[in-house]
Amino acid sequence: MDFSLTEEQTMFRDLFRDFAEKEVAKIAEHVDRSEEPPLDLYKKAAAQGFFGAPIPEAYGGVGIDWLSYTLLAEELGKHCLSTAVTIAIHTSLAAMSILDVGTEEQKQKHLPAMAAGEVIGAFALTEPDAGSDPGSLTTRADKVEGGYRLNGTKNWVSNAGLGGVMVVFASTHPGARHKGISAFVVANDAPGVMIGYREKTLGLRGMDIRTVYLEDCFVPEANRLNGENEGWAIVVRAFDRVRLTLAAVALGAAQTALALGVTFAAERKQFGVQIAHKQAMQNYVADTATDIEALRGLVRHAAWLAGSGQEFGRAASMAKYFGGRVAKDAANKMLQVHGGYGFSDEYAISRYYRDVRALRLLGGTDEIQRYVVARAAFEEKGLRIQP
Amino acid sequence: MNYDLPPEYNALRRMLREFITEEIAPVAKKIDEDSVVPPELIRRMGDVGFFGVPFPREYGGMGAGELGYCIMMEELNRVCPSVATIIGAHIGIGVMSLYLDGSKALQQKYMPDLCSGRKIAAFALTEPNAGSDAAGIQMRATLEGDSYILDGQKMWITNGPIADVINVLALTDPALGARGGATVFAVEREWAGYTPGKPESKMGLHGSPTSLLNFDEVRVPRENVVGQIGLGFVTFMKALDIGRASLGAATLGGAQASLEASIRWARTRQQFGRPIAHMQSIQFMIADMAAEIEALRALVYRTAWLIDNGRPFIKEAGMCKLLGSETASRCIDRALQIHGALGLSRDFTIERGFRDARISEIFEGTNEIQRIVIASELMQGVGVRIRP
Amino acid sequence: MRLLVLLRQLLDPAGMLVNRKAGKVFVNREEYMINPADKRALEAALQIKDATGAEVVAAAVGPARTEDALREARALGADRAILIKEDVAAPAGRFYEALCDSLGDVDLILTGDSALDTGEAVGPQLAEMVNMAFLGNAVQCALEGAVVRIVRRDVRDATQRAYNGVEADLPAVVTVTRSGPTPRYPHGGAIIEMYRDPEAVEIMTAADLGLDDSALQPAVVERGQSFPPEREFGKQMTVEEIAERMTP
Ligand SMILES: Cc1cc2nc3c(=O)[nH]c(=O)nc-3n(C[C@H](O)[C@H](O)[C@H](O)COP(=O)(O)OP(=O)(O)OC[C@H]3O[C@@H](n4cnc5c(N)ncnc54)[C@H](O)[C@@H]3O)c2cc1C
Ligand SMILES: Cc1cc2nc3c(=O)[nH]c(=O)nc-3n(C[C@H](O)[C@H](O)[C@H](O)COP(=O)(O)OP(=O)(O)OC[C@H]3O[C@@H](n4cnc5c(N)ncnc54)[C@H](O)[C@@H]3O)c2cc1C
């Protein structure tokens with residue numbers, strides 16, 4: 001077994017790291033305070049190909065492998081979670097869904113612009129009454145001449161305010177739950193689409209998360225992704241991808257939290273010595289470092305499964321579930337290391353503490369990830385469990 | 001054994017809860033957003049006695065002891081941790097140092113205004129280089145004729161920007177260090193050379209202003225020495241010990257609010273065709289919260305009883321602060337999880353609770369310091385002296 | 001000048017849960033409160049006290065727990081509090097009539113216009129019994145010398161926004177509505193003091209007031225509980241539908 005990165009992967013990592021340290025790190029605090037998505041940064045990132053990293057070159061992307069893609073998420077997650085999650089949703093949920101099941105025409109139409117960052121992707125699944133249970137969504141797509149008419153409300157749609165396109169899920173067969181869901185690619189400025197309220201959140205304040213209203217929004221048949229009533233397959237695979245990506249973001253965030261804590265503990269003196277000499281501080285650091293390595297193992301393994309074309313859903317759920325916790329614990333312990341300074345906006349650690357909390361909710365909550373993992377375990381015994 | 005509170009305390013809790021629900025709850029969100037508590041609210045709270053709960057009636061206090069004080073902090077922190085922190089710093093440590101060791105004359109001079117909330121107190125111990133190591137303070141107080149000249153800087157002082165009377169610890173005999181050579185002084189905000197800094201920008205507790213305090217040759221008359229010259233550190237540590245019990249009570253209120261919100265939401269929110277209350281993942285989170293809260297409640301009220309009955313309480317007070325802050329953090333974290341994405345929204349109370357709760361694990365002695373305090377109390381019994 | 005305020009203590013509805021199916025009222029939290037309109041009557045009396053220095057005597061009929069309501073009244077500023085400690089559901093009027101006799105010199109009696117739980121209104125009857133003028137449904141109340149002046153909603157006015165002033169010579173009975181003056185909060189210290197003072201509430205019995213058994217017969221006997229039928233919700237109509245209905 002060889003744990004090292006290939007030469008190419010190393011090269012990509014260095015590229016991502018270099019960009020994240022030079023460009024992303026410096027804007028993160030401003031993004032959090034101003035709550036403005038850093039559009040200039042997106043342009044720079046797009047110029048480097050980061051909005052289309054895993055998209056094949058044929059569609060204008062860079063065509064990197066899964067492991068390298070998780071390295072991108074990790075390096076971005078180290079410095080600005082808002083940016084990392086924005087790109088994760090754009091890529092793993094929106095663009096790769098089109099890549100996954102789109103027709104050649106759909107791919108040609110959307111992917112080059114998305115890979116270039118000119119069009120930012122969103123994924124409109126959640127509704128006010130359908131969160132953990134998206135199968136119960138009530139947005140309707142009624143068949144009309146030449147296409148469908150969409151009506152309903154979506155909320156917590158990341159990136160929806162950034163222009164671009166959304167993959168919208170709606171019911172084409174009411175009552176059939178997930179067996180009656182279809183997916184559509186809808187431009188944010190299409191008639192009948194209203195981009196509504198922007199969420200004000202604990203963390204990830206640089207993300208543009210919206211409520212989206214669809215009112216008699218006409219979508220031509222050509223914009224349907226996958227077959228009619230075959231939208232759920234898209235959701236399942238998109239979740240696998242985004243979970244793995246978010247786990248990598250968590251891995252990055254946890255590492256920065258640890259680094260901030262270690263630096264602080266090495267400098268701060270109390271009782272005549274650096275607090276690093278106190279075992280309580282050492283234990284926080286040791287626990288966090290151990291968690292991070294365990295998480296890295298999960299992420300790498302899941303990325304290997306994904307990259308080698310194997311089923312990776314269970315591994316992605318484990319990594320995401322564990323990652324959300326590790327990142328939260330890391331930020332929490334390292335905030336404690338900072339003492340009173342940890343509560344101050346002048347120190348970055350409190351931003352990490354706020355930002356990472358979302359990782360235990362989006363892309364499926366902790367409880368849902370555990371269900372997915374348990375389901376896989378019982379399936380081996382031939383037992384099917386329900387959420 | 002009798003676990004019922006005396007009837008006057010039930011009546012007091014009822015009145016406080018009514019006031020807090022009617023007058024504070026509707027503005028709690030605005031207090032967070034605007035980073036200020038309306039002075040009118042402070043005045044009205046003062047009128048019913050919030051600012052002097054444990055202190056005697058003759059000073060305008062409520063005369064309700066530590067028990068009454070814990071009840072008030074519990075009720076207040078359920079709804080508005082910012083206001084609870086202002087009062088906690090005012091009563092629990094600020095006025096408390098005056099009350100414990102101040103001269104009769106000083107008490108008569110300041111306590112009536114402080115107990116009625118017309119004046120606000122602060123407790124200034126922490127310095128840039130003296131946080132957990134409070135004995136590492138460097139601020140100087142030099143005797144000059146009949147006055148002391150105070151020079152130095154304090155930081156992270158709750159109520160700093162709004163305090164009228166500041167109890168501050170400074171070295172009167174640097175050779176002896178803080179233990180034996182430090183003295184508490186009551187300083188008035190108008191005195192020349194004293195300037196509070198701007199409120200710090202913090203993750204939570206936005207309504208509770210915290211700032212640096214600068215002392216530039218502030219002349220303090222000898223009458224304003226609180227307690228004995230050289231024994232100020234002891235005064236401050238005593239106040240902090242008592243403060244920890246009431247901080248525990250505050251965290252109890254916060255945790256209870258998290259539990260109640262979780263129960264309400266679990267009953268209302270439906271997923272997979274039924275209220276999420278039917279999911280064991282949710283049930284167990286709620287059960288764990290309730291169990292931890294009950295344990296905390298027993299500890300907090302027992303500690304209040306120890307204090308009111310003159311029993312040793314230092315270890316238990318440390319436990320209140322330690323267990324309480326960690327329970328409250330766990331509870332608000334679970335509440336946030338149960339609320340799903342809504343828990344992250346600033347339009348809803350859970351998010352504010354999450355930001356506000358975290359500091360209790362840090363201030364009034366970090367939880368690591370509490371563990372040291374508890375362990376040394378225990379080890380002392382077997383003849384081992386622990387150093388932090 | 002002596003004001004008598006009559007208070008009724010009742011179960012706080014916030015702690016109750018009605019289960020129609022089981023035909024039962026469950027009391028989750030047994031907590032008592034002062035009838036809201038009575039509390040406003042007390043506030044009106046305290047405002048008169050603040051303005052004129054009049055003496056305020058609070059009184060209530062009920063079991064031992066009713067002391068809590070009277071201690072609260074003392075904490076709020078009543079000078080005396082008298083509990084007529086009787087456990088029966090006898091109409092309170094007889095007791096209050098006797099109490100007025102026993103106190104003597106009562107210039108003004110204030111109480112709520114009705115009780116939240118039973119709907120009972122003591123004021124009008126009592127006014128007849130003690131032969132005093134009666135002014136009902138006050139939202140404000142003030143004294144000018146020996147004249148009491150109230151403000152109340154003008155029932156003749158269809159807009160429900162007009163008020164009128166009425167006055168009467170003392171002695172008089174005034175009832176105050178739930179829109180009366182907003183009650184103050186007591187100082188917490190006063191609560192503690194009033195609970196710790198064994199003499200804060202004077203206790204009297206029917207015998208002390210010279211009342212015999214006939215006064216103590218309950219006026220109401222509880223036979224069981226039944227509930228009015230579930231309300232049917234209205235239908236939401238469009239503007240067109242409304243317009244259609246309205247055109248004759
Ligand atoms: C920052 C952020 C960005 C997001 N971006 C997007 C996006 O781009 N597109 C999109 O479609 N959605 C997005 N979401 C929505 C996200 O997918 C949902 O929040 C998530 O699926 C949870 O749904 P909910 O918030 O409605 O919580 P609920 O489903 O209401 O859950 C409430 C609680 O109940 C628990 N629960 C629910 N069902 C069960 C069960 N069966 N067993 C045990 N526990 C259960 C949950 O774990 C949670 O603790 C985003 C959310 C966030 C926070
Ligand atoms: C909002 C707020 C309000 C405050 N209000 C007041 C106030 O009103 N008055 C006042 O005087 N102060 C106040 N403080 C200061 C507060 O009491 C200190 O922040 C606290 O005591 C910790 O000190 P520090 O921040 O310097 O952290 P440090 O002491 O630098 O601690 C850093 C980390 O090291 C750990 N550590 C330190 N020593 C040891 C040891 N020996 N063993 C193990 N671990 C150790 C700590 O536990 C912590 O995790 C306030 C602080 C805040 C944030």
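Trainee: Which residue has a polar side-chain atom 2.5 Å from an oxygen atom of ligand 1?
Mentor: That is A:Thr365. Keep in mind that this is a predicted model.

Trainee: And how much of ligand 1 does the protein cover?
Mentor: On its own, ligand 1 has 970 Å² of accessible area, and the protein covers 94% of that.

Trainee: Which elements give two or more residues to the shell around it?
Mentor: Strand E3 (147–158) of chain A, plus helices H9 (280–308) and H10 (314–339) of chain B. E3(A) gives the largest share, three residues.

Trainee: Why is the site called shared?
Mentor: Because the residues surrounding ligand 1 come from chains A and B. There are 28 of them, and the closest include A:Trp156 and B:Arg269.

Trainee: How do they divide into nonpolar, polar and charged?
Mentor: The shell has 17 nonpolar, nine polar and two charged residues.

Trainee: Change of topic: helix H4 of chain C. Which residues are buried there?
Mentor: H4(C) spans residues 123–130, and C:Gly123, C:Leu126, C:Ala127 and C:Val130 are buried. Viewed down the helix axis, the buried residues sit within an arc of 105 degrees, so they line one face.

Trainee: What about the other side?
Mentor: C:Gln125 and C:Glu128 are exposed there.

Trainee: What covers the buried ones?
Mentor: Several elements of chain C, including helix H3 (92–103) and strand E9 (133–144).

Trainee: And what follows H4(C)?
Mentor: C:Asn131, with a positive phi near 60 degrees.

Terms used: Residues numbered from 1 in each chain as written. Chains lettered and ligands numbered in written order. Predicted model: local features only at pLDDT ≥ 70, side-chain atom pairs only at ≥ 80, totals over all residues. Heavy atoms only, no water. Buried < 20%, exposed > 50% of the residue type's maximum accessible area, 1.4 Å probe, protein only. Helix = DSSP H or I, 4+ residues; strand = E, 2+ residues; numbered from the N terminus. Arc of directions from axis to C-beta. Contact = heavy atoms within 4.5 Å. Near = heavy atom within 4 Å. Polar contact = N/O pair within 3.5 Å; in protein donor to acceptor, adjacent residues only side chain to side chain. Areas by Shrake-Rupley, 256 points an atom, 1.4 Å probe, with all protein chains shown as cover. Nonpolar A, V, L, I, M, F, W, Y, C, P; charged D, E, K, R; others polar.
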